[in-house]
Amino acid sequence: MFGSEFFVDPSRCIGCRSCMTACAECDSHRGVSMIHVDYLDRPDMIATVPMVCMHCEEPTCAMVCPADAIKRGEDGVVRSALKPRCIACSNCVLACPFGVPKVHVDLELMMKCDMCYDRTSVGLRPMCATVCPSQALTFVPPEQVARERREQPVNVFQFGNQTVRTKVSIMLPPGAPALSVDAADYMWEEEHARGDQSQEAFVD
Amino acid sequence: MAKRPDAAAPILERYGPHGNYVPPGGWDRAARGDYRLVKTHCCFCGQQCGIQLKVQENQVVGFEPWEDFPYNRGMLCPKGVKRYLQGPHPDRLLRSLERTPEGFQEISYEEALRIATEKLTAIREKYGPDAIAIYGGASMVTEKAYLLGKFARVAVGTRNIDYNGRLCMVSAGTAYKLALGVDRAPNPMSDVPETEVLLVLGANVAECAPIATSYIWRMRDNGGRLIVVDPRMTPISRNADLYLPVRPGTDLALLLGMLHVIVREGLVDTEYLKSHTTGWEAVRESAAKWDPETAARVCGVPPDNIVKAALMFGRAKKAMAIHARGIEHHSKGVENCLAVINLCLATGNMGAPGRGCFMITGQGNGQGGREHGQKCDQLPGARSITDPEARRHIAGVWGIPEESLPGPGLTAQEIMNAIHAGEIKALFSMCFNPLVSLPDARHTREALEKLEFFGVIDFFLSETAQHADLVFAGSTQEEDEGVIASSEGRVQKINKAVDPPGEARSDAKIVTDLAHRLGKGQHFPYTSTREIFEELRVASRGGIADYYGITWERVEKEYGVFWPCPSLDHPGTLRLFEDGRFYHGDGKAHMQVTEYRQSGDPPSSDFPIYLTTGRVVSQFLSGTQTRRIGPLVDLYPEPRCEIHPRLAGQLGIADGDWVKVTTRRNSVTVQAQVVRTIRPDTVFIPYHWPGPRSANNLTHRTLDPRSKIPEFKVSACRVEKTQPPADLSGIRKAETGIAGAVPAVEGRL
């Protein structure tokens, strides 16, 4: 599995939550899932979205951690908080732009997806991406994604003034080079200030 | 007689359902790493995904994906992920049970055999063999299905054996047999990514055959387009190029409308029809009156979209249709399937990669379970029980005089009707929970209470088994071995992972022992399941479902073998009709005229709303297994009634309100889920639950005249806001009784 990367395609998700149930099978967080699946708006649609840790190049969770408990390995995987250091302050929970970390009050510990370090380190695929019946979560070489998928990977996200680059990619329709969640990024007035430049900068 | 003991509480306390959350021996033991892996397949649906079970100390403690198995490549749905929790389960039957006035008493296996023999013999002597009915199921391996068919006809001598696939695959099977001469999906699922247009009819693929979704998405990656026909926006409709919310019970009008447009626009493959089919002229005539406007008035889909769908399907170089219970659970289920076949044949879409039709089987062995003899009208090899040559062949293999072989018997619902009418006095059932799965549950309960003897083989005490006089503690799938045939007609091997615990026995052993006690031991000389398979190979030889060339070794080595496979050097048949020959004597497909007619429980002013039923992804069929797996129960704990905000508004119903849904039979009270993803004239309730919330309290017993499938997919109902049931917790405890620990993290969904 070396050379493989993690891709999330929300448009493929069927909301079955196989990823969550399989995640909960892990020896290190028994019966508890580190990832989640949400309905966008169940009253109006059936669309669901799976969310794993995006493993940011400069993890916001680590930057805001007062106890220096969150580490990013050389492999680019951002680990759960270190138990001896974590003070369960929830700064990371509040700061993560993707809403990934969770503090487990009973354990006084932040835990989150570590991309199945126990599996990837021995050449296996992460559990959720292995079982996902629609392959909304997939762990394959980038060349395979480029060859087989009609959606395209994006790993740069604009949250207001913060640009976040991630190890995990989100699949977007062709022609959407980056994902911004700020309406201002789509406004004409912003064109000279940031819009076009940043759009170009996002192209990998 | 077979009344449930009055004291329900002790039954629930001992036999559940309880939710199991933790691997046997706890997480610490499971984490030890000293497990062995057993390659086998999932115990649930007809996809039959490959899976590896982790085994420690004769217990299944977890799973590991099996990425080499070609169908699913390691993919699994949540049911497959958590299925290991059903094995070492607190509710598990470990000894046989006899019902006494004080409740169920544990008895020895020998004693159970003695009682069953005595009762069955007495009833046969008093009323004749046909007063005994046998129920089987399509979750059993093929060897067991074969054994049960032989047991009924040779050891008991009854013609009345049928199975729960009668609630599942028979409409499709009947239609394919009629039109194509063979009851099997013609194409493998790997054809789906190759097609240009995929028409999905009445198939909630994402929830009921989740792995198939990956094939559909790959088709879209390749530029293919998706048409979804369903009264509900099921999860795959999020990527549909065309969504047709057909009114329940009117699929046939839509299909005839599409055929009309295909004829009108000259999209018919006349060359193909001429060379390979009969009956086209009459079929074409029958579609003449179904112009898009006429069809639209019946099926409630815009005429323009009927035209669009027909043009997409008809103009594609390669098109496929996939269907499931949504079009099959109807009193015209066979016609609906025939109309799909007609659409494919008319456009020449048959027998080639990316061209054809596909029926999605519901149960694990939905395909194999109906081929070899537990279906009331069939003998092994998918042979007709009325065909003299077939009868001679099977009588020869079984070593019995042909005249002693009974003729066709009653179908599953007809058997229950005959029990209710007092014509059938005893029932022996395995792998079937009719109290939850048959329509009109009150009728089923009344019928069960009239039985003079009711014997069951099961590994949990299902709601139906609670009515039994005698329960044998049988085997789970992981305690058994044998073959199944998946949705694709791929024969695969279920491998035994563990031995049955306590005094539970393998189902095949129980049936074999009982045959011996009934004095027919010479016809049941088996000491292993493999011996049954070897006999089945010979019995199926020369039949339509010919397994003669299939061995357990080949199945393992080749990742399954597609039947028909008539000889050891035959590669198996991945795709049917590639040579343009069909399985009728003349080699042609026999196109059948389909006449539209109303469903059996039409709406009226008292019952103005359509009710349709179905499944959710985290539960399986009658829930005997999945209502005992805690993490699955948590994903969707209670049945809810999906209702459109427009209808909910008219009725003053808000999301989460308790609603009473009433049909001409009965009513149930469940919570409303107000969603825009269902037609405003239709409500939906999933059917996996028993008791007062069972959707099958509401459904009706109208059958398709040919397939005898009940019309689960359309009933007339009214819906009204009501008060929460008085003792809410009481209901939950009594009916689901989830007593396991609540998981540490709240579910986000």
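Which residue in β16(B) stands opposite B:I134? I looked it up in this model, which is a predicted one, and found B:F428 facing B:I134.

**Entry: the strands around that pair**

I went on to the two strands themselves. β6 covers residues 132–136 of chain B and β16 covers residues 426–430. They run parallel, and I get 4 bridges joining them.

Next I traced the whole sheet. It is open, has 7 strands, and reads β5-β4-β18-β17-β16-β6-β7 in chain B. The pairing is mixed.

Helix α17 of chain B, residues 412–420, lies across β6, β7 and β16. Against β7(B) I have α17 running at about 120°.

**Entry: domains of chain B**

Domain 1 is 8–86, and domain 2 comes in pieces: 96–168 + 365–481 + 507–550. Domain 3 is 186–359 and domain 4 is 609–735.

I looked at domains 1 and 2 of chain B as a pair. Their centres, over C-alpha atoms, are 27 Å apart. Domain 1 puts 8 residues into the contact and domain 2 puts in 10. On the domain 1 side, helix α1 (residues 8–15) of chain B has the largest share, with 3 residues. That side has 6 nonpolar and 2 polar residues, and no charged ones.

**Entry: B:L379**

Is B:L379 buried or exposed? I count 28 other C-beta atoms within 10 Å, so B:L379 is buried. B:L379 belongs to strand β14 of chain B, residues 378–379. Skipping neighbours within four places in sequence, I find B:L379 in contact with B:G373, B:I385, B:A390 and B:I394. I also checked B:G149: it is 230 residues away from B:L379 along the chain, yet their C-alpha atoms are separated by 7.9 Å.

**Entry: where chain B touches chain A**

Last stop was the chain contact. I have 42 residues from chain B and 35 residues from chain A in it. On the chain B side, the elements giving two or more residues are β3 (59–65), α3 (78–82), α7 (205–208), α8 (212–221) and α23 (630–635). Which of them gives the most? That is α8(B), with 5 residues. By class, I get 26 nonpolar, 7 polar and 9 charged residues on the chain B side.

Terms used
Residues numbered from 1 in each chain as written. Chains lettered and ligands numbered in written order. Predicted model: local features only at pLDDT ≥ 70, side-chain atom pairs only at ≥ 80, totals over all residues. Pairing = 2+ DSSP bridges. Contact = placed C-beta atoms within 7 Å. Axes fitted to C-alpha atoms, helices over the stretch in contact; angles between N-to-C directions. Nonpolar A, V, L, I, M, F, W, Y, C, P; charged D, E, K, R; others polar. Domains from an automatic or database assignment. Buried ≥ 20, exposed ≤ 12 C-beta atoms within 10 Å, placed from the backbone.
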